[in-house]
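Please examine the protein chain displayed here before reading the notes on it.

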Amino acid sequence: MAKAPKRPQPAGLPSREQILRFIEDSPGAVGKREIAKHFALRGADKIALKALLKDMTDEGVVDMAPGRAFHKHGGLPKATVLRVAAVEGDTVWAVPDRWEGGGPAPRLRVMEKGRKSALGVGDRILARTEDRGSGHVAHPMKKLQSGGESVIGVLVADTGPGGKPMTWLRPADKRARFDFAVADMGDAAIGDLVRAELSGRGPATKARVIDRIGDPFAPRSLSMIAIAKHDIPHVFGDETLAEAERAATLPLTPEGREDLRDLPIVAIDPADARDHDDAVWAVPDEDPGNKGGWKAIVAIADVSYYVRPDGALDREARRRGNSVYFPDRVVPMLPETLSAGVCSLKAGQDRAAMACHLTVDKHGKVTSWRFTRALVRLRANIAYERAQAAYDADAPDEGWDADVLPALRHLWGCWTLLAKARAARSPLDLDLPERQVILDEQGNIAEIRVRERLDAHRLIEDYMIAANVAAAKALEAKKSPVMYRIHEPPSREKLVSLKEYLESFEQSFALGQVITPAVFNRLIDGFSGDDRLPEIMEAILRSQTQAYYGPANAGHFGLALGSYAHFTSPIRRYADLLVHRALVDSYRLEVPGKPKGLPERSGLGEADQKGFSRIGEAISGLERRAMEAERETVDRYVAAYLAGKVGEIVPARITGVQPFGFFATVDGLGGDGLVPVSMLGSERFFYDEAARTLDSEHGRVSYSVGQRLDLRLMEANPISGALRFELPDAPEGGFRNRPPRRDGVKKAGKHAVGKRGRPGNIRHQGKRR
């Protein structure tokens with residue numbers, strides 16, 4: 001369609017360029033009135049200005065924001081409505097409530113007055129925006145009334161009241177009990193993943209689509225649900241990408257570095273790994289004073305050389321906190337130019353590394369350590385399975401250099417001592433299965449299996465733990481700031497809960513004893529070979545506190561270590577990058593050269609040194625977000641995999657019992673689904689809170705945590721990851737007609753469950769609002 005010809009411009013009217021310049025330079029919102037006043041327009045000129053602004057809007061030169069204020073097309077209005085997207089420590093981030101510009105919506109740091117933020121995620125504010133060159137900031141003018149609850153879900157077509165065809169929003173959260181009627185689909189279509197805003201209450205609740213995210217069922221796309229739900233940043237801005245490109249061109253020379261390129265250092269990683277943080281090497285120690293001991297090197301990607309403090313890359317890495325790993329994609333902490341490029345330790349290529357040199361005695365104790373910046377050239381990148389097979393067969397893989405197999409033998413030799421020292425320390429030994437989703441080349445689910453645990457995994461784990469301990473102690477010796485990895489002992493409240501649970505297994509647990517990881521290990525050993533062992537380990541895991549990052553050392557209970565810091569994964573964890581920078585400062589490891597267009601120093605920056613506690617809180621929260629998103633996505637893939645088995649009988653295990661039914665998981669696959677009490681039989685059931693059982697009125701049937709049974713899969717929802725089961729012999733519609741409760745049947749500590757599986761004071765609500 002051809003553009004309309006431009007109207008002739010009156011002599012007294014400003015040019016388009018003048019109007020644009022005034023809009024860009026003005027500190028506040030610019031409407032027609034402000035433009036007319038600035039250029040002293042009157043009468044007919046004001047009418048002509050209105051026509052000119054309409055032309056400029058139609059042509060896409062300027063956009064009109066809410067309130068009829070103008071701003072440059074594709075840009076951010078000087079005054080606009082923002083929605084709080086994240087609160088990271090003391091920093092509040094917001095995004096435009098509506099964004100119609102090209103590319104991803106900008107993310108603005110909210111500049112609040114006062115020490116503590118009064119804003120929370122989802123809050124809406126009217127704010128004045130400012131572009132500071134390094135990024136946009138927002139100055140709040142006032143907090144607005146909430147625009148309604150925001151929900152992530154998928155649009156589905158179904159019928160409504162009276163059989164009328166309707167569009168529904170099916171929430172992506174498995175805890176959601178309802179679908180919502182859609183009042184406005186926007187430009188979305190059935191099957192799209194969307195963000196919607198809810199309005200109204202009860203049955204009158206309606207959903208209005210405010211953002212179309214995409215098709216969650218396209219190959220390799222189920223992770224999109226978690227990315228949208230948890231607001232995980234997954235697109236890098238132009239400034240960050242440009243700085244990554246500049247950083248990738250930094251010169252890499254032996255000057256200021258220890259040259260380790262002649263050593264047969266190898267990396268052992270998952271077969272599908274795209275970034276390689278760490279590599280290892282070991283050799284028997286020739287020092288007569290350390291007879292039977294070993295020398296080892298743990299070489300870690302020198303990310304601090306490329307990601308300088310207080311730059312655009314650094315700010316984005318801190319904002320993300322960590323990489324997030326899904327079955328269908330990785331959302332990296334750093335742009336791929338670095339994470340899968342120059343930072344990744346790849347065989348046959350010179351790479352910058354931070355080298356941790358370890359001396360291990362004959363008992364497996366690390367007796368000394370030192371840190372250097374190094375230049376390495378790996379001999380091989382080896383998958384765990386291949387490394388294990390080569391060591392077991394004592395035969396090299398095809399294509400390996402001659403010194404790779406001897407290097408593996410030495411690594412295993414040193415590790416046998418490290419493993420002995422670990423066993424003597426007796427850290428918490430919870431061997432819980434990890435699910436692995438395998439996709440084919442088209443991105444479809446090929447298999448879901450439990451990840452095999454090999455000695456090769458334990459080997460790398462013990463080398464990494466040794467290096468992490470060395471980093472923490474090295475920084476302590478220099479009285480430098482340390483971003484510790486902290487795991488505190490279990491609280492008494494959780495120990496009391498564990499004791500009550502164990503009593504249901506007729507297992508005693510003394511609260512008066514000194515609680516160490518060895519106490520839990522003895523408990524696990526007592527159930528060795530017992531079918532209930534997985535439940536015992538899960539109960540012990542639930543009793544533990546959550547690990548976190550912080551500058552005040554409280555030890556690592558689970559690993560039975562007094563000092564521990566993450567040092568070995570700076571490509572994917574911001575905490576490790578901070579530890580590297582602290583080592584650069586403490587041991588004067590700055591390398592020569594002034595990088596063009598990048599911050600000069602690679603040690604701790606000003607923001608780092610002032611905010612270790614705040615940063616620790618922020619990245620701990622971001623880690624929890626990533627873990628939840630990863631777990632939910634695996635559940636969605638499990639549900640998608642099981643969708644083809646609806647109606648079939650599957651082997652299952654009860655994982656939780658509640659008054660309204662019990663939860664079960666499919667053996668070998670995972671996933672979590674409910675069996676409502678209404679499906680358990682015609683008798684009444686009682687919930688025993690202490691024993692965590694559902695018992696039938698006449699004592700004929702009991703359901704308890706850990707019990708294995710066959711169930712019929714009735715529903716598998718890939719959108720939420722939820723499953724629903726019933727007993728194989730349940731009649732259609734469940735057991736509805738139960739006899740009335742007998743007098744005196746209620747027992748102490750037990751709660752009677754009504755015929756629809758709810759206490760009498762809770763009314764039933766339908767599935768849809």
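Predicted model: local features only at pLDDT ≥ 70, side-chain atom pairs only at ≥ 80, totals over all residues.

Residues are numbered from 1 along each chain as its sequence is written, and side-chain values use heavy atoms, with hydrogens and water left out.

**Overall structure**
- The protein chain contains 17 helices and 34 strands (DSSP runs of H or I with at least four residues, and of E with at least two, numbered from the N terminus).
- Of the 769 residues in the protein chain, 50% are buried (under 20% relative accessible area, with a 1.4 Å probe and protein chains only).
- Among contacts (heavy atoms within 4.5 Å) between residues at least 6 apart in sequence, 67% join residues at least 24 apart.

**Confidence**
- The average pLDDT (the predictor's confidence in each residue, from 0 to 100) is 85, and 87% of the residues score at least 70.
- Residues 1-5 have a pLDDT below 50, and this stretch has 1 contact in the model beyond near neighbours in sequence.
- Residues 736-769 also have a pLDDT below 50, and this stretch has 73 contacts beyond near neighbours in sequence.

**A helix pair**
- Helix α15 (residues 574-586) packs against helix α17 (residues 612-642) at an angle of about 155°, with the axes 10 Å apart (lines fitted to C-alpha atoms over the stretch in contact, with angles from 0 to 180 degrees between N-to-C directions).
- The two helices, α15 and α17, are therefore roughly antiparallel (an angle over 145 degrees).
- Tyr574, Ala575 and Leu578 of α15 meet Phe612, Ile615 and Ile619 of α17.

Conventions:
Parallel < 35°, antiparallel > 145°, perpendicular 65-115°, else oblique.
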